[in-house]
Amino acid sequence: MTLEESIHAHSVATPDKVAVECGDSRITYSGLWDSIVRRAAGLQSEGLEPHRPYVYRATQDIDFVVTYCAVHHLKAIAVPLESKALEENFRAVKEEVDSCTFDDGIRDILYTTGTTGKSKGVMLSETALVSCADNFICDFHLTPELLFIISGPLSHIASLFKMHPILTVGGTVCILDGLKDMNAFFDVFRLPYTKFATFLVPASIRLLMQFSYDRLCALADKIDFIETGAAPISSHDMEQLAKALPHSRLYNTLGGTEIGAVCTYDFNDGKYMEGCIGRPMKNSTVEIGPDGNLIISGPTVMSGYVADAENTARVLQDGKIHSADIGFMDEDGMIHLKGRQGDVINVGGYKIDPVEIENAASSIPSVKDCICIAATHPVIGTVLKLLVVMEDDAELDKHALARELKSKLEPHKVPVYYEKTDSIRRTYNGKLDRKYYKQ
Amino acid sequence: MREHILSLLSDALPTVDFGSDFLFSELDSLNIANILMILSDEYGITLDATDVTPRNFKSIDSLVSLVESKLNK
């Protein structure tokens, strides 16, 4: 059953049950279904046809859910972009998808850096969406009493694909606009629900533990489970979280836009195995390739990249995704991640290609040369740092440089740290020596 | 104190416009974490999630008031 069919069924069986909470607003299943039908009629009258893409900004509100489901209701393709996507990027994506034709089964196109390190439109079929939701429902034992807090961007799979299973089982989704207002996060637990759960990237878990550990501990009896993923979580943070929430299930999940949700590990087991992502979920299969990279198959995987046959053929072979993640399987069948191929930098779950930042910085006249590298922040973990060689050895004005980069890049791609240097180290053939800067 | 806090925060968060009267809306969770850490370390005060309110983070002046209220406790 698709997400929209499930919402329709719940609107009949439990019409007054709240489907989505967002700040002071909420909508019941019957209200949600009525809104979806009305929005679908509106989109249809605007010319949206089946199997055609609809590009829009993923606002963190109920309206996003309505539009997303309405697009699917018309058998059209939802293309949600970040709410703060630059206008030129929005236009470029729209031009790209408008010029393509799509298979009948495609329902979502999500733009991601992911496996290739370049921004790509990942095409996902209805089968992939339903199978991914089924993975969560079965492995997390989701039930209708659950309220699930979504604080990440709804254009990102980690948030969007949590909305699917929760609404499919008749639960409630609570949408927050990020975690910067931690009080808003804790206020959700005052709502009249018996079971709460959420997805938090490791940086957000650390943020909560650093600045509100006692409040987290006080929620031990309310939190059914917390899922993390999208970036590595340390054994220390696993253990601290388990101490705060001794009875909760605490999952570390391997997921990705190209692969869906694939493996999960409940680390509230006293072992706190760093890098462990557990066993494959119900609809997924994981093999370890000859180079140690994870090869993922099953109905959750993508159908391909938009207008990019070359990268599709490289990543998707015989229905199997050849991921950039390196790992191994232990004697118990548990999979452990050891690292990742390529130069992508993972910042709070966003996979960022450093070349994009370097290109933006190099287009600024005062920048002679630069390299974007990973740096460590005491709370957030990995952040971006830009090493810069200035033209004519001028002084580095990091405020001016940051402001210029902010006008050229999405907010999460703007480096946090800046440092002037005399030269950027290169390899014998003139390429940036990224290996040196990783040390 | 205002100029010192402004200098500290501007140096650590070069992308943030601390002249804004709508500071909270400009910040993300990383910025918030940085501000809490910097002010806690510099002034030896305890700041936690309950202090992260739109009112306390409205502007550089409201952050200064937050620090002063903690120091006076």
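Predicted model: local features only at pLDDT ≥ 70, side-chain atom pairs only at ≥ 80, totals over all residues.

Started at Gly47(A), which has a positive phi of about 105° and sits just after α2(A).

Backed up into the helix itself. α2(A) covers residues 29-45. I checked its length: at 1.5 Å a residue, its 17 residues should span 24 Å, and the end C-alpha atoms are 24 Å apart, so the two agree.

Next, which residues of α2(A) are buried? I got Tyr29(A), Leu32(A), Trp33(A), Ile36(A) and Ala40(A). They cover an arc of only 95° around the axis, so they lie on the same side of α2(A). I then looked up what these buried residues pack against, and found α1 (3-13), β1 (18-22), β2 (25-28) and α3 (62-73) of chain A. On the face turned away from the buried side I noted the exposed residues Arg38(A), Gly42(A) and Ser45(A).

Domain 1 of chain A puts 18 residues into the contact and domain 2 of chain A puts in 14. On the domain 1 side, helix α8 (residues 202-217) of chain A gives the most, with 5 residues. That side divides into 10 nonpolar, 4 polar and 4 charged residues.

Last, the chain contact. I have 22 residues from chain A and 16 from chain B. On the chain A side, α7 (182-187), α8 and α12 (398-408) each supply at least two residues, and α8(A) gives the most, with 5. I logged that side as 12 nonpolar, 5 polar and 5 charged.

Definitions and conventions:
Residues numbered from 1 in each chain as written. Chains lettered and ligands numbered in written order. Contact = placed C-beta atoms within 7 Å. Helix = DSSP H or I, 4+ residues; strand = E, 2+ residues; numbered from the N terminus. Nonpolar A, V, L, I, M, F, W, Y, C, P; charged D, E, K, R; others polar. Expected span 1.5 Å × (residues − 1). Buried ≥ 20, exposed ≤ 12 C-beta atoms within 10 Å, placed from the backbone. Arc of directions from axis to C-beta.
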